[in-house]
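I opened the model to look up how its parts sit together. My notes follow.

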Amino acid sequence: MEIKTRNPFSGQELGKYTEYDANKMDEVLSHIRKNQPEWSRNLEGRIEYLKKTLRPNLAKKKEELAKLMSSEMGKPISQSLSEIDKCLNLLDFAGDKFLEFLEPEEVKTEGKKTYVRFDPLGTILLVMPWNYPLWQVMRAAVPAMFVGNGVVLKHASIVSGTSLLIDEIFESPVFHSIVASGARINALIPKVDGISVTGSTSTGIQIAQEAGKYLKKVVLELGGSDPFIVLKSANVAEIVEKATFARMQNNGQSCIASKRFVVHEERFDEFVEGLSNQFSAIKIGDPLEKATFLGPLSSKNQTEAVTKQIDDLRKIGKVESFGEFSRGIVPPTIAKVNGSYKEEVFGPVAIVSKFRTHDEAILLANDTPFGLGASIWGDSEEAEPLAPRIEAGMVFVNKIVASDPRVPFGGVKQSGIGRELSKFGLREFANVKTVWIDH
Ligand code: NAD
């Protein structure tokens, strides 16, 4: 089957790619399997690869890659460039810290020597989404490879060109991108040693079910509907700008975007007014123009899905949009609701509701099947005690939820299983091996 990619703003066709058939996927896998043992034995070589091949290759291709990412999925070009910078930082962090994270850990026992070491599992399949087409790949692939694994990347079809350019940038015998649509990769699941999925909850469940049949380790980074909690003590005038970025980043298509704004009743009107002012000032347009802050959603399907969700929100609240629905763009939208809305809205829509007490704020914040991130805004003495009560993998106080190589990233409930980044993420695709030597 042929996969076509298209610019979601102009509608222009960008490329045609032939899907890999079963034989070609098997060839890729055997090539990686053949090279992985040597790769896994050569830690020095892996460090050198990060510093002397991967990093310079990425830096060299920065402009070309940013343009391709923005053309294929509509992200404003300034945000594609910062995504690449973030990946370069990850590589620097990996070069500085990963070795330390993989040091064997000694354990005191009655034996002569006991320790835990971190060995590779083999070959890991990455199933990745289009929304951060480089970052999602890097934060899964770099740790998995550093541990000594090989990696097969199956990217979202709409970013097939980006996926092949990433392959070129990795330039490694143990990394390969395959072009294939979703279900086709089921055939690979029994043949790999672990699977990392970043995508929607339904995709995560389907892959985990298939992986379960063969007892393959999975890490699942799935959907989110993060609350942004505004306490009575918050400085609303200052935080509306942050709230706007938290919701609008990546055209509203981020798993950790703040999607539900839970606001103390005494600050509610001020917050909605401030947010409306910010939303109406957003520069909307062609993602390839430097000044654009909000471009089109990634595809026609995505635009239709979010437009339908806005219609559903009208049934439970008052909805206002700031701009035109055209050329794939869904304008910034605020929905003031009374009831709860359980779906993840993957677009520039802020769902706002009120609370009176801390208990009510927690109930509203947790009133979702997801549990990825949450942010709380106000006096930190008031906010911090709420953190343990939030059902999420990450809680940030007076800071937008973000992925950062120094701290673990991941969710609970329908947002997934396992962690990425930090030493916790690095060890997900390691065989945590006990070695006990007796006298
Ligand atoms: P998606 O689930 O549609 O697709 C993700 C990947 O899975 C793609 O490569 C797709 O081709 C593949 N896929 C889809 N169905 C499959 C199947 N049955 N078998 C095998 N592979 C299959 O998600 P998307 O639309 O590309 O991305 C948006 C979703 O990703 C949102 O829900 C978002 O919250 C989530 N996401 C989560 C994180 C996180 O870290 N938690 C990060 C980014 C995006």
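I began with the distance between the two domains: the C-alpha centres of domain 1 and domain 2 lie 29 Å apart. The domain bounds come from an automatic or database assignment. I noted domain 1 as 2–222 + 415–437 and domain 2 as 226–404.

The model is predicted: local features need pLDDT of at least 70, side-chain atom pairs count only at pLDDT 80 or more, and totals for chains, interfaces and linings use all residues. Residues are numbered from 1 along each chain as its sequence is written, and side-chain values use heavy atoms, with hydrogens and water left out.

**Domain interface**

I looked up contacts (heavy atoms within 4.5 Å). Here 26 residues of domain 1 touch 31 residues of domain 2. The buried area is about 2300 Å², with 55% from carbon and sulfur atoms. That area is the accessible area (1.4 Å probe) that two parts lose on being put together, summed over both. In domain 1, Phe-9, Trp-130 and Ser-415 lose the most area to domain 2, together 28% of what that side buries.

I then checked for salt bridges (a side-chain nitrogen of Lys or Arg within 4 Å of a carboxyl oxygen of Asp or Glu). Between the domains I found zero. Polar contacts link twelve residue pairs there, both residues at pLDDT 80 or more. A polar contact is a pair of N or O atoms within 3.5 Å; within protein, one must be able to donate a hydrogen and the other to accept it, and residues adjacent in sequence count only if both atoms are side-chain atoms.

I listed the elements giving two or more residues to the domain 1 side: α3 (62–73), α4 (77–101) and α5 (135–147). Helices (H or I, at least four residues) and strands (E, at least two) are DSSP runs, numbered from the N terminus. α3 gives the most, with five residues.

**Salt bridges**

The whole structure holds 28 salt bridges. I picked out Glu-19 and Arg-184, which meet at 3.0 Å, N to O. They lie 165 residues apart, Glu-19 in the loop between β2 and α1, Arg-184 in the loop between β7 and β8. Glu-19 is buried at 7% relative accessible area, and Arg-184 is partly exposed at 33%. Buried means under 20% relative accessible area, exposed over 50%, partly exposed in between (1.4 Å probe, protein chains only).

I also noted Arg-427 with Glu-105, at 3.0 Å, N to O. This pair is 322 residues apart. Lastly, I found Lys-61, Glu-64 and Glu-168 linked in a salt-bridge network.
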